[in-house]
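This report describes a protein chain from its overall build down to single residues. Please keep the sequence and the model open while reading.

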Amino acid sequence: MTVHFIGAGPGAADLITLRARRLIAGCPVCLYAGALVPAEVLAHAPDDARLIDTQHLDLDAIIGEIAAADAAGQDVARLQSGDLSIYSAVAEQIRRLDALKIDWDMTPGVPAFAAAAAALGRELTVPAVAQAVILARHGRRASAIPDGQRLADLAGDGATVVVHLGAQAIAEIAATLADAYGGDCPVAVVARASHPDEVVLRGTLDTIASIVQDAGVQRTATIIAGPALTAEGFRDSHLYCTARRRR
């Protein structure tokens, strides 16, 4: 028996990997985050699969369901939105499974920030403008941010900043980033990236809070800020430079 942790992507049903689809189709038990994983993804599960929505379950209950599947010798597809590598709470689940000696593996997915960048039609790293991307979150209502890792500590030097799950605190976030980048720095908020009802809002750090408020965006949004969003006239990358020596 194996628990397959699967990154189910940012929302669009066709933004999952071939491996993810194969694993879902082969598992008689599927745990999924109902508010974030679309029904079309669940359609890949066997017709008689046991589908368990975890959005209202605590960690003990989730591990209990997995332990029951283990006792029955049933593989589990554990679907989580976006990619497993950031803000997925997979680490605490794996820790519990290791203690129970239950086998597991991980299948990556398309992260929300990548879907947001695609919606904007922008590369987040631009030659001589931004060569670093900071992935962060706002800690007002979630797990505490470690010392030295708050936005005010990280932002600056032209890096592209991506803030997850912060739309409700957009005014505070914009003000913090403005201290590092200036109020005229470009910023975008992408809500429900890749969903049919995707919303894309653009502005500056001085204007974005009112734009977001007027649009009524409060949840499931990604904030991206930095000069890369509107960069023009930048030099070509070394990757395809004509002066680069090629064999």
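Is S194 buried, partly exposed or exposed? In this predicted model, S194 is partly exposed, because its relative accessible area is 22%, and the limit for a buried residue is under 20%.

## The setting of S194

S194 belongs to the loop between β8 (186–191) and β9 (199–204). Leaving aside its neighbours within four places in sequence, S194 is in contact with P10, G11, A12, L15 and A115.

## The chain as a whole

The protein chain comprises 8 helices and 10 strands, and its C-alpha trace spans about 60 × 50 × 35 Å along the principal axes. Of the 247 residues in the chain, 44% are buried. When contacts between residues at least 6 apart in sequence are considered, 69% of them join residues at least 24 apart.

The chain exposes about 13,200 Å², of which carbon and sulfur atoms supply 49%. There are 21 positive and 28 negative side chains, and the centres of the two sets lie 6 Å apart.

In β7, 5 of 5 residues are buried. In a regular strand the side chains alternate between the two faces of the sheet. Both faces of β7 are covered, with T160, V162 and H164 buried on one side and V161 and V163 buried on the other. Setting aside its neighbours within four places in sequence, V161 is in contact with I134, L151, A155, L177, Y181, I223, I224 and A225.

Which way do β6 and β7 run relative to each other, parallel or antiparallel? These two strands run parallel and are joined by 5 bridges, and T160 in β7 is the bridge partner of V133. By contrast, β7 and β10 run antiparallel and are joined by 4 bridges, with V162 standing opposite I224 in β10.

How values were computed
Residues are numbered from 1 along each chain as its sequence is written. This is a predicted model: local features need pLDDT of at least 70, side-chain atom pairs count only at pLDDT 80 or more; totals for chains, interfaces and linings use all residues. Side-chain values use heavy atoms; hydrogens and water are left out. Buried means under 20% relative accessible area, exposed over 50%, partly exposed in between (1.4 Å probe, protein chains only). Contact means heavy atoms within 4.5 Å. Accessible areas come from the Shrake-Rupley method with a 1.4 Å probe; for residues, only the protein chains shown count as cover. Lys and Arg count as positive and Asp and Glu as negative; His and the chain ends are not counted. The place of a charge is taken as NZ of Lys, CZ of Arg, CG of Asp or CD of Glu. Two strands pair if DSSP finds at least two bridges between them.
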